[in-house]
Amino acid sequence: MKTYTSLIVRPYEIDSYNHVNNAVYQNYLEYARMDMLHQIGFKYKEFYAAGYFLYVTHVDLYYKVSAVQDDELSIECEMTKTGYISGRIHQIMRKKDGTVCVEADVDWACVSAKTLRPCKIPEEFMVDELRIKK
């Protein structure tokens, strides 16, 4: 299942080159991933309260075209790989005209707050999109 999140580039996210600062794209992608979890029915607040985290373990970012102030962006997210404790989300950020600004593959893992070690996602938090696909 693909999810979509929209946002508009704000003036304070622009750097001295008059485009979105590279680090800001990470914030956009994080916002879209959290929105994706909400859209697929994952109960992140309860997951966190039960003593679990979803850590980002690796990010591959491919910058293609700069976004600038007032650009309307859409971020597509798709869970492309899931396992018992980890997975990968593919993200594509596009301008309103369809131009791709950024593509990213983000690896994540479930981590126990008690041990700070990877662990299996408890069954009560599983949603269809997190079920195993390789």
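## The loop between β1 and α1

His-19 is found in the loop that joins strand β1 (2-8) to helix α1. Helices and strands are here DSSP runs, numbered from the N terminus (helices: H or I, at least four residues; strands: E, at least two). The model is predicted: local features need pLDDT of at least 70, side-chain atom pairs count only at pLDDT 80 or more, and totals for chains, interfaces and linings use all residues. Residues are numbered from 1 along each chain as its sequence is written, and side-chain values use heavy atoms, with hydrogens and water left out.

Is His-19 buried or exposed? His-19 counts as buried because its relative accessibility is 19%; buried means under 20% relative accessible area, exposed over 50%, and partly exposed in between (1.4 Å probe, protein chains only). Not counting residues up to four places away in sequence, His-19 touches Glu-13, Ile-14, Ser-66, Ala-67 and Val-68, where contact means heavy atoms within 4.5 Å.

## Two residues with positive phi

Asn-18 also lies in the loop between β1 and α1. Although Asn-18 is not a glycine, it has a positive phi of about 65°. Asn-18 is exposed, since its relative accessible area is 56%.

Asp-70 lies in the loop between β2 and β3. Asp-70 is not a glycine either, yet it has a positive phi of about 75°. With a relative accessible area of 53%, Asp-70 is exposed.

## The sheet and its helix

Strands of a sheet pair through backbone hydrogen bonds, in either a parallel or an antiparallel manner. In this model, five strands form an open sheet in the order β1-β3-β4-β5-β2, with antiparallel pairing; two strands pair if DSSP finds at least two bridges between them. β1 and β2 are the edge strands, each of which pairs on one side only. From one strand to the next, the twist averages 25°. Helix α1 packs on the sheet and touches β1, β2, β3, β4 and β5, and its direction makes about 135° with that of β1. For such angles, axes are lines fitted to C-alpha atoms, for helices over the stretch in contact, and the angles run from 0 to 180 degrees between N-to-C directions.

How many bridges join β3 to β4? Nine bridges join β3 (residues 72-82) to β4 (residues 86-95), and the two strands run antiparallel. β3 and β4 form a hairpin, with three residues between them. Glu-78 stands opposite His-90 in β4, and Glu-76 stands opposite Ile-92 in β4. β1 and β3 pair in the antiparallel sense over seven bridges, and Leu-7 stands opposite Leu-73 in β3.

## The largest pocket

The largest pocket holds about 180 Å³ of space. On a 1 Å grid over the protein atoms alone, a pocket is an open set of points with protein on both sides within 12 Å along at least five of seven lines, whereas a cavity is a set of points where a 1.4 Å probe fits but cannot get out; lining residues have an atom within 4 Å of a point. Grid points are joined across faces, edges and corners, and a volume is the space filled by probe spheres set on the points.

The lining of the largest pocket has 13 residues, of which Arg-33, Met-34, Leu-37, Leu-54 and Val-56 lie nearest its centre. α1 (22-39), β2 (52-63) and β5 (100-112) are the elements that give two or more residues to this lining. α1 gives the most, with four residues. By class, the lining has eleven nonpolar, no polar and two charged residues. Ala, Val, Leu, Ile, Met, Phe, Trp, Tyr, Cys and Pro count as nonpolar, Asp, Glu, Lys and Arg as charged, and the others, Gly among them, as polar.
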